[in-house]
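Work through the exercises below with the sequence and the model at hand. Each task is followed by a solution in steps.

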Amino acid sequence: MGINEEETLTATLIDPESLDSPNPAYQKGETQESKCRDAWAAILFYAQLIAVCCVCGILGVPAVRRNAGGADNLVEGRTTDYTGLIYVTLIAAASSFALSTISLTLMTTCPKFLIQLSLLFSLLLSLLITATSFYYQQYIAGAFGILFFLLSCCYACCVWRRIPFAAANLNTGLTAVKRNGGVFVTSVWITVVSFGYLMVWMVAMVGVYDATAAAAAGGGNVEGNNVQPSWGYLFLLLLASFWTQQVCQNTIHVIVAGVVSTWWFAPDEASSCCSVAIKDSFIRATTSSFGSICFGSLLVAIIQTLRSMVESARHDSSNDGCAAFVLCLVDCLLQCLQGILEYFNKFAYIYGESTHYNMIMR
């Protein structure tokens with residue numbers, strides 16, 4: 001496909017009036033009454049937010065103050081410094097924001113080259129892994145590396161001719177987003193809120209950790225600094241963290257989907273930095289669609305929590321070879337299940353944004 005064909009394809013995608021009329025025989029779902037769907041999930045989500053904030057205030061803040069003041073922790077002879085953890089979190093947040101800005105700039109300037117570069121990078125990476133495996137005389141790993149390299153080459157050859165179409169789709173979405181610049185501001189604001197919750201969650205985690213250490217010390221079950229929260233507390237804390245992260249991420253996804261949909265069907269309402277489409281999409285995502293967002297995010301968060309605990313168990317040195325193999329299989333199964341849920345959730349959120357079905361009916 002030449003450059004002229006790509007430009008024609010891009011123009012056709014961006015201009016809805018040039019598209020053919022849809023088939024009138026096509027049947028679609030009926031638009032439902034606009035009201036809050038899956039409200040129970042939203043209520044449960046707000047309940048966990050309140051619970052984490054309470055744990056942060058009751059247990060976390062006193063624990064951080066004790067450690068910041070240089071005083072010994074509740075366990076005699078043990079002090080913990082959380083300054084390094086806080087610095088690492090701040091650096092990671094700043095780095096992710098910078099990388100997101102750079103990637104967005106690259107996508108807006110050269111979408112076709114970016115897609116081609118991603119394919120070539122996967123080929124070079126698989127080739128590098130193969131060469132490294134043979135260099136360290138890991139011949140079985142090298143053989144699998146060759147296999148994956150050949151599969152990657154076949155995939156690249158099959159999809160290379162479709163890159164202009166993918167670039168045109170990407171350019172269409174970016175055009176809609178650029179014409180509604182307020183989407184960037186809304187996304188950054190939600191990201192900042194998510195980061196603030198992460199800091200609160202970390203303080204709550206510190207409080208639970210110290211409280212668990214104090215309880216273990218009272219029972220005489222402390223061996224040096226080897227004190228970990230119980231699996232129950234750890235599961236609930238990780239679930240709260242993953243759930244909130246998913247909710248913030250999917251809320252941004254629904255807002256952007258609503259703005260792009262409005263821009264496509266009613267361009268006059270979505271052609272400015274602070275357009276009506278941005279306000280309406282934000283209101284729908286945080287009210288009528290918020291329960292469904294929480295429901296779908298909860299399903300993924302449960303899988304993420306289980307995966308995190310399985311990975312923690314895999315790194316336990318006390319496991320034998322058989323247990324490690326079983327945990328590896330469980331981790332692989334959970335990863336596949338997580339990918340399936342995330343794939344269907346993306347469609348379900350967009351479909352529900354226009355039809356107002358609840359999460360199950362979607």
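**Exercise 1.** In which hand, left-handed or right-handed, does H8 pass H10?

Solution. The model is predicted.
Step 1. Locate the two elements: helix H8 covers residues 231–265 and helix H10 covers residues 290–314.
Step 2. Take the geometry of the pair. Their axes are 7 Å apart and the packing angle is about 135 degrees. That angle makes H8 oblique to H10.
Step 3. Assign the hand: the crossing of H8 with H10 is right-handed.
Step 4. Sort the residues of this contact by type. There are 17 nonpolar and eight polar residues, and no charged ones.

**Exercise 2.** Describe the surroundings of Val300.

Solution. 
Step 1. The relative accessible area of Val300 is 1%, and the cut-off for buried is under 20%, so Val300 is buried.
Step 2. List its contacts, leaving aside neighbours within four places in sequence. Val300 touches Gln246, Gln338, Leu341, Glu342 and Asn345.
Step 3. Compare sequence and space for one pair. Val300 and Leu337 are separated by 37 residues in sequence, and their C-alpha atoms are 8.8 Å apart.

**Exercise 3.** Work out how H4 packs on H6, and which residues make the contact.

Solution. 
Step 1. Start with helix H6, residues 163–178. Its 16 residues span 22 Å from the first C-alpha to the last, close to the 22 Å expected at 1.5 Å a residue.
Step 2. Find the buried positions of H6. Among them are Ile163, Pro164, Ala167 and Ala168, and Thr172, Leu174, Thr175, Ala176 and Val177 are buried as well.
Step 3. The axes of H4 and H6 come within 8 Å and cross at roughly 125 degrees. This angle makes H4 oblique to H6, and H4 passes H6 in a right-handed crossing.
Step 4. Name the partners. H4 contributes Pro111, Lys112, Ile115, Gln116 and Leu119; H6 contributes Ile163, Pro164, Ala166, Ala167 and Leu170.
Step 5. Sort them: eight are nonpolar, one is polar and one is charged.

**Exercise 4.** How many helices and strands does the chain have, and what percentage of its residues is buried?

Solution. 
Step 1. Count the elements: eleven helices and zero strands.
Step 2. Turn to burial. Buried residues account for 34% of the 362 residues.
Step 3. Consider the contacts between residues at least 6 apart in sequence. Of these, 78% join residues at least 24 apart.

Methods:
Residues numbered from 1 in each chain as written. Predicted model: local features only at pLDDT ≥ 70, side-chain atom pairs only at ≥ 80, totals over all residues. Heavy atoms only, no water. Axes fitted to C-alpha atoms, helices over the stretch in contact; angles between N-to-C directions. Helix = DSSP H or I, 4+ residues; strand = E, 2+ residues; numbered from the N terminus. Parallel < 35°, antiparallel > 145°, perpendicular 65-115°, else oblique. Left-handed = near helix turned anticlockwise from the far one by under 90°. Nonpolar A, V, L, I, M, F, W, Y, C, P; charged D, E, K, R; others polar. Buried < 20%, exposed > 50% of the residue type's maximum accessible area, 1.4 Å probe, protein only. Contact = heavy atoms within 4.5 Å. Expected span 1.5 Å × (residues − 1).
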